[in-house]
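Welcome! Have a look at the model below, and then let us walk through its strands, its charged pairs and its surface together.

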Amino acid sequence: MTVSAFTGDALAKANITDAKDLGMVTPGLTITSGNGVVTPFARGIGNDVAVFGNEASTAVYVDGVYYARLPEAAFQLSDVERIEVLKGPQGTLFGRNASGGLINIITLDPGNELGGKITAGYGNYDAKKLQGFIGGPIAPGVRASLSGYFIDHDGWGKYVTTGDDTNYLNEKFVRGKIVADVSERTEIKISGEYLYFRSDIGQASNAYRGTTQGYQVTASGASPKYISGPLAGMPTGLADPDGPVITPARFYDSNNSFPTLRINKSYAFSFRLKQDLGFAEFLAISAYRKESEGAVIIDPDNTPLRGTDVDLHPRAKTFTQELQLTSRSGSPIEWIIGAYYLYTKTGYYPSAFNGLTINAQVADSFGLANPVPGARFQMFGSQTVNSYAAFGQATYKVADHTNITLGGRYTIDKLVAVGRTEIYSGYQSPAYTLLASIPALDANGDNPHARFSKFTYKASLDHHFSNDVMAFASISRGYKAGVFNTQPVSITPAKPEIVDAYEIGLKTEFFDRKVRLNLAAFWNDVKNPQTYRFDNTAVIFGNAQKARTKGVELEATVRAARGLTLTGGATYLDARYRKFTNAVFVLPAGTVVVDPIGNPAGVFVPGNGLGVTGDASGNRMSRSPKFTGNIGFNYDLELGGGTVGLSGNYAYNSGYYWFPDNRLRQRRYGVLNSAVSFTPAGERIVVAVWGKNLANKKYYSLAAENNGASGDASAPAPPRT
């Protein structure tokens with residue numbers, strides 16, 4: 001398994017202050033964010049986790065605790081000791097199994113002496129950032145620490161309709177730790193954290209460049225015109241070829257009829273017991289996390305009309321218990337055995353939809369006068385998971401310079417989904433009427449449920465040709481559990497995703513360890529890769545039949561001179577669906593369809609046509625760029641009055657498709673970051689000037705491919721800051 005490791009100091013010097021930026025310094029890792037969550041893809045393997053209930057193919061751990069959901073705010077690196085990125089299936093060493101890889105974040109523990117640090121910064125968009133860490137002894141054998149941060153900045157753009165800021169942020173976080181040496185052989189660690197996040201960053205609120213919105217009507221002798229109505233599902237007769245034109249908003253602006261909003265609040269606690277048993281070390285980790293989004297308000301039609309308004313109320317809670325027994329260091333056979341339990345309950349209470357489109361849809365469905373004022377859909381949906389696993393791994397030295405590693409894991413996942421859809425009329429008035437309440441039940445009249453089980457494994461061989469050259473080869477199987485849709489609840493879950501991974505590589509050091517060069521070639525066969533698509537008011541999870549990702553990676557570090565370190569990395573990736581016969585294709589604008597609203601002067605072409613099922617076999621996998629690369633440097637120059645630090649990093653991405661139909665494409669882009677700092681001699685103060693995305697490249701953090709007049713939506717990645 002290939003591992004990329006970064007210390008907190010190295011990340012700070014590279015101006016990596018957010019774990020979402022790890023993809024800029026880690027070959028083969030693509031991280032996008034949107035709808036309040038982070039979605040990592042490792043070597044082409046991943047799936048969207050925006051919907052509550054789904055888990056990432058690339059798992060994330062903080063201090064050994066698994067995050068079933070990856071809130072964007074949790075990725076700020078305020079008190080990090082180091083980060084490890086493991087690429088390839090994981091499950092025989094610890095925690096939850098993962099089919100793509102994992103990101104392991106280890107935060108600072110309090111030391112034996114009182115110490116700390118504080119950082120204050122100011123940037124464009126009136127950006128203010130304050131973060132700090134303090135820790136030390138509070139009693140004999142007891143140490144404690146407190147860390148946190150505050151971030152606030154104005155929007156990168158404006159809502160054209162209202163004049164409010166868009167892409168703004170207000171975020172607060174605090175973490176406390178207590179570490180107690182109960183005896184020479186017993187250590188207890190207790191941690192707690194609280195997070196508050198208020199923003200609309202990552203909410204799809206603008207048309208994707210190169211696509212259209214609204215209806216295009218070609219009248220006799222007239223040019224095509226994009227008008228503001230009707231939206232999909234609105235009643236006959238509202239089309240107006242001479243109506244107002246939808247003018248696309250600027251890249252960081254939005255045409256939404258009202259500001260979108262996401263408020264996230266979460267808290268978490270963990271308890272860690274480490275006991276030296278003499279023959280082995282025992283470790284127990286218990287953790288609880290609760291997350292609620294008090295308000296998620298979205299305008300998915302992305303127009304000045306109140307076509308569809310969405311109000312989400314998602315919640316999630318997770319409990320994990322892990323037990324490990326590890327051999328003593330230096331044992332003839334290095335081994336670990338463990339057991340893992342995961343409980344999660346996530347869902348929407350409820351997801352609510354209303355607006356002009358909903359008014360028309362309810363009228364059509366119930367045969368009522370068109371439109372129905374105050375119509376509203378409410379989708380209640382949740383998924384409960386109970387997962388049980390036992391795992392183990394052992395490494396044995398078969399020769400002086402050769403090791404063999406074998407590992408296995410058996411996992412049982414039990415899923416239950418509960419949901420219903422309520423349909424109202426007159427909801428905004430005191431005399432609202434419940435028209436229908438439709439439960440999500442299977443053929444037996446029960447709540448949808450499923451049970452999955454799988455044995456996964458790992459086998460690897462490594463040989464040290466010298467102290468500076470090591471070769472390895474590995475074969476492993478990864479597993480990601482199936483999942484029910486929760487918006488709305490599906491009767492049948494998506495199948496588990498199975499990855500058979502093969503890898504060979506070299507790890508080398510030359511010239512008195514001044515040059516480090518790592519090479520790897522990988523091949524992943526994926527059975528039932530999980531996919532997702534947007535269907536206006538719903539997100540639908542499913543499976544392709546087969547996929548394959550293969551490629552090569554390179555990482556290099558060179559200590560070129562005193563104080564000067566050069567870094568670089570690159571990945572070539574070929575990731576394709578080998579068999580995907582049930583893929584959904586969204587017809588592009590310009591597809592001629594039968595005119596459903598009776599325009600006598602010509603044909604009607606929607607912003608996007610209806611989704612149709614087709615064969616995506618041979619298409620590139622989602623968010624899988626063919627080539628990514630990065631180069632960087634860090635130079636500390638000693639002067640008479642102090643030390644000047646110079647750093648820079650350039651990350652290139654060749655572009656990728658967002659969805660399996662390979663229609664929406666993120667164009668190639670490169671991001672340049674740099675920083676200059678000065679540390680006075682004998683002082684503990686550092687003054688720095690930094691910049692991210694210095695070339696101000698425009699690229700996306702999220703895309704949503706939608707049917708109908710709302711068209712394809714997008715959310716921008718940060719501009720120059």
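Strands here are DSSP runs of E with at least two residues, numbered from the N terminus. Keep in mind that this is a predicted model, in which local features need pLDDT of at least 70, side-chain atom pairs count only at pLDDT 80 or more, and totals for chains, interfaces and linings use all residues. Residues are numbered from 1 along each chain as its sequence is written, and side-chain values use heavy atoms, leaving out hydrogens and water.

**Two open sheets**

Strand S15 and strand S43 (residues 713-716) run antiparallel and are joined by two bridges. Two strands count as paired if DSSP finds at least two bridges between them. They belong to an open sheet of three strands, ordered S15-S43-S42, with antiparallel pairing. Strand S15 (206-207) and strand S42 (700-704) each have a single partner strand, so one side of each has no neighbour in the sheet.

Another open sheet has five strands in the order S1-S6-S7-S4-S5, and its pairing is mixed. At its edges stand strand S1 (2-7) and strand S5 (65-66), each pairing on one side only. Within this sheet, how do strands S4 and S7 pair? Strand S4 (residues 58-62) and strand S7 (residues 101-107) pair in the parallel sense, over five bridges. Val60 stands opposite Ile103 in S7.

**Charged pairs**

A salt bridge here is a side-chain nitrogen of Lys or Arg within 4 Å of a carboxyl oxygen of Asp or Glu. By this rule the model has 33 salt bridges.

| Pair | N to O distance |
|---|---|
| Arg96 and Asp413 | 2.9 Å |
| Asp181 and Arg143 | 2.9 Å |
| Arg620 and Asp574 | 3.7 Å |

Let us take Arg96 and Asp413, which meet in a salt bridge. This pair links distant parts of the chain: Arg96 is in the loop between strand S6 (80-87) and S7, while Asp413 is in strand S23 (residues 402-425), 317 residues apart. Are these side chains in buried or exposed residues? Buried means under 20% relative accessible area, exposed means over 50%, and partly exposed lies in between (1.4 Å probe, protein chains only). Arg96 has a relative accessible area of 2%, so it is buried. Asp413 is buried too, at 0%.

Asp181 forms a salt bridge with Arg143. Asp181 sits in strand S13 (residues 169-183) and Arg143 in strand S10 (residues 142-153), 38 residues apart. Asp181 is partly exposed at 36% relative accessible area, whereas Arg143 counts as buried at 11%.

Arg620 forms a salt bridge with Asp574. Arg620 is in the loop between strand S35 (611-614) and strand S36 (627-639), and Asp574 is in strand S32 (residues 564-579), 46 residues apart. Arg620 is buried at 10% relative accessibility, and Asp574 is buried at 19%.

Salt bridges also link Arg43, Lys87, Glu503 and Glu553 in a network.

**A nonpolar patch**

Leu114, Ile134, Leu146, Val174, Tyr194, Tyr267 and Phe269 make a nonpolar patch of about 690 Å². Patch residues have over 30% relative accessible area and no salt bridge, with nonpolar side chains (Val, Leu, Ile, Met, Phe, Trp, Tyr) joined within 5 Å and like charges within 9 Å. Ile134, in strand S9 (residues 127-139), is partly exposed, with a relative accessible area of 47%.

How values were computed: Areas by Shrake-Rupley, 256 points an atom, 1.4 Å probe, with all protein chains shown as cover. Helix = DSSP H or I, 4+ residues; strand = E, 2+ residues; numbered from the N terminus.
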